[in-house]
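Have a go at each task before you read its solution.

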Amino acid sequence: MTQVLRVAILGAESSGKSTLAAALAAHFGTVWVPEYLREFVDTSGRVPQESDQFSIAQTQMAREDAAARQASRFLFCDTTPLMTAIYSRWYWNRVDAQLSLLEQRHAYAYTLVTAPDGPWEADGLQRESEAVRQTIHEQVVQMLDERGIGYSLVTGTLEERMVQATRLLTAYR
């Protein structure tokens, strides 16, 4: 059995993470893990509070682990606890201890960052503004750089991002 390589897809709100994750999974004939936060907001009818952050990240990881059992070659992960922690820092100026431990475990074979270069779209309760999107993008890149986590920035249309990502992932062994 071939080891499944987990690919983190990180980026700010409305930067195309979900669209790219689904397209890559279809292209490589595997599965992807949707962002649990979106489901949380839809089912609870509210944005998360600080006390929800660890549970959201923990659920995301549990779903990722479950999906890994059905994946072949790659598992595309639409967000990671690192993004949850970045948003915790943005909204509450801190990260609780449990979430901090989860965010430190960035164990992905590859990390893609979606550029905020498409139109910003409102999404009910979940998205704030184009200005916040840009700030969060900068924080994602800064955090990855500070931690020495290699990543590739994917830009442009979905088709252009697919060309960039498939080239990178096909070359990755």
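**Exercise 1.** At what angle do helix α3 and helix α5 pack, and how far apart are their axes? Keep in mind that this is a predicted model.

*Solution.* Two packed helices are described by the angle between their axes and the distance between the axes. Start by finding residues 53–68 for α3 and residues 97–104 for α5. The angle of packing is about 30 degrees, and the axes are 8 Å apart. Angles under 35 degrees count as roughly parallel, so α3 is roughly parallel to α5. Finally, look at the handedness: α3 passes α5 in a left-handed crossing.

**Exercise 2.** Find which residues of α3 and α5 make the contact, and sort them into nonpolar, polar and charged.

*Solution.* Begin with α3, which contributes Gln53, Phe54, Ala57, Gln58 and Met61.

**Exercise 3.** How is the aromatic pair of Phe74 and Phe76 classed: stacked, edge-to-face or tilted?

*Solution.* First take the distance: the two rings lie 5.7 Å apart, centre to centre, and rings pair if their centres lie within 6.5 Å. Next take the planes, which are 35 degrees apart. Planes under 30 degrees apart count as stacked and those over 60 as edge-to-face, so this pair is tilted.

**Exercise 4.** Are Phe74 and Phe76 buried or exposed?

*Solution.* Buried means under 20% relative accessible area. Phe74 has 1%, so Phe74 is buried. Phe76 has 0%, so Phe76 is buried too.

Methods:
Residues are numbered from 1 along each chain as its sequence is written. This is a predicted model: local features need pLDDT of at least 70, side-chain atom pairs count only at pLDDT 80 or more; totals for chains, interfaces and linings use all residues. Side-chain values use heavy atoms; hydrogens and water are left out. Axes are lines fitted to C-alpha atoms, for helices over the stretch in contact, and angles run from 0 to 180 degrees between N-to-C directions. Helices (H or I, at least four residues) and strands (E, at least two) are DSSP runs, numbered from the N terminus. Angles under 35 degrees count as roughly parallel, over 145 as roughly antiparallel, 65 to 115 as roughly perpendicular and the rest as oblique. A crossing is left-handed if the near helix is turned anticlockwise from the far one by less than a right angle, and right-handed if clockwise. Contact means heavy atoms within 4.5 Å. Ala, Val, Leu, Ile, Met, Phe, Trp, Tyr, Cys and Pro count as nonpolar, Asp, Glu, Lys and Arg as charged, and the others, Gly among them, as polar. Rings of Phe, Tyr and Trp (its six-membered ring) pair if their centres lie within 6.5 Å; planes under 30 degrees apart count as stacked, over 60 as edge-to-face and the rest as tilted. Buried means under 20% relative accessible area, exposed over 50%, partly exposed in between (1.4 Å probe, protein chains only).
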